[in-house]
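Reader: Please take a close look at the aromatic pairs in this model. Where do they sit, and how are the rings arranged?

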Amino acid sequence: MYQASHSKIKKVKALVAQQGGWRNIFEHFSGLKAAIDKYPAQTPCPKTGDGSTVFRLVNGWEQTGQAFHNYVGKLTDGLNVIAFYRNCSIKEAADEVLQITGGDYQAISYREVSAQLSREQQQKSEYCSKEKKEQRLKSLQRVYHEAIPAYKSEIAMNYLRCRGLTLTSEEVRKFSSTLGFHPGLKYYCSDKKQVIGTYPALLGIFKSKDGSNLTIHRIYLKPDGSGKADVSNPKKLMSPPGYMGGGSFQLGEPLPLRCGGKYIGVTEGIETALALFNANGLPCWSLYSDTVLALFEPDSDITHVGIWSEKEPSGAGLTSANKLMKRLSEIGVKCHIYYPDFLNAEKEDWLDVFNSNPSLIHGYTAR
């Protein structure tokens, strides 16, 4: 069905091209300007600042505005980027662009609109180039093949103990397909733009929604595992060669229920998921961040999902938990959100609760 706003949106994009492209627009937004300054490198999420290799502008972005976000997916044009950044509709993003340009979109001709649509079509791309994908896979395979299961490493087990967990080596052995250990990974400091040392690392194997290994999360450790390494960002995700949405760190197998179907718990961090298993013995999959949490896609035999949210001033964790519950409930999955609010603190996760009082973390009753 034809809508007048569609024509306006197309003309706004053509107007941007007429006035020099998306660079002139994105520079008005601090998070996007940081991505411009570091292009073609990946940057933290421009909206939240999370991560270090989360967001990138795609080749040809000055003409199309196209970008890619590891947890959101492809942002197909500049208006989609701004709508994501501002958390607004495409129409509202178009209105903001018009305020920046000060131009008259109604003066844009049909020919100019057609030319812009043609440019966008030509710039459509995959998650990353074939060369980049091969490079990332090679790096991932090297780390994977040099690693050992975490339960075999005293350094890794010592780190888990220093985080307050009381899991035995036999319990951690159950997660050998997900938890690994590397004796010495080079640490690249983004601020100094150089390698500043080599550290042992606890590894998490992130699987895509089809169950195949996708990428690796690294927690750089002190030599004896008594804490995280003294570096600016001890937690780093290796650049994935594909989309992370729907995937997870799978810590345990879904639990068969007496009422039929299966249960799985989900949360953000790996250590939080381990704390929940430590407390009640139930499997819990880590989804890396609140954004990926909202994108979780359970297998068809999972009928019950426990969503273990985090408490934080922004409310992002609870917002994502509610988004996930709404989406899964619409397809018949029974969900329950668990919110940590026991410690009178602005920030609180279930690892904090576990370290304070494990008895506050209850098991799951199928509803």
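**Aromatic pairs and their surroundings**

Author: Three bridges in total join β1 to β2, and the two strands run antiparallel. Helix α5 (residues 78-86) packs on this sheet and touches β1, β2 and β3. Its direction makes about 115° with that of β3.

Now the rings. The model is predicted. A search of the whole structure finds 14 aromatic pairs. One of them joins tyrosine 187 and tyrosine 220: the ring centres are 5.0 Å apart and the planes stand at 90°, so the pair is edge-to-face. Tyrosine 187 belongs to strand β5 (residues 179-189), and tyrosine 220 to strand β7 (residues 213-220).

Tryptophan 285 and phenylalanine 296 form another edge-to-face pair, with 6.3 Å from centre to centre and 90° between the planes. Tryptophan 285 lies in strand β11 (residues 284-286); phenylalanine 296 lies in the loop between α12 (290-294) and β12 (302-308). The pair therefore ties together parts eleven residues apart in sequence. Tryptophan 285 counts as buried because its relative accessibility is 6%, under the 20% cut-off. Phenylalanine 296 is also buried, at 1%.

Back to tyrosine 187. Its ring has a charge over it: the charged end of lysine 236 sits 4.4 Å from the ring centre.

Elsewhere, Trp22, Phe26, Tyr39 and Trp61 form one aromatic cluster.

Terms used:
Residues are numbered from 1 along each chain as its sequence is written. This is a predicted model: local features need pLDDT of at least 70, side-chain atom pairs count only at pLDDT 80 or more; totals for chains, interfaces and linings use all residues. Side-chain values use heavy atoms; hydrogens and water are left out. Two strands pair if DSSP finds at least two bridges between them. Helices (H or I, at least four residues) and strands (E, at least two) are DSSP runs, numbered from the N terminus. Contact means heavy atoms within 4.5 Å. Axes are lines fitted to C-alpha atoms, for helices over the stretch in contact, and angles run from 0 to 180 degrees between N-to-C directions. Rings of Phe, Tyr and Trp (its six-membered ring) pair if their centres lie within 6.5 Å; planes under 30 degrees apart count as stacked, over 60 as edge-to-face and the rest as tilted. Buried means under 20% relative accessible area, exposed over 50%, partly exposed in between (1.4 Å probe, protein chains only). A charge sits over a ring if NZ of Lys or CZ of Arg is within 6 Å of the ring centre and within 35 degrees of the ring normal.
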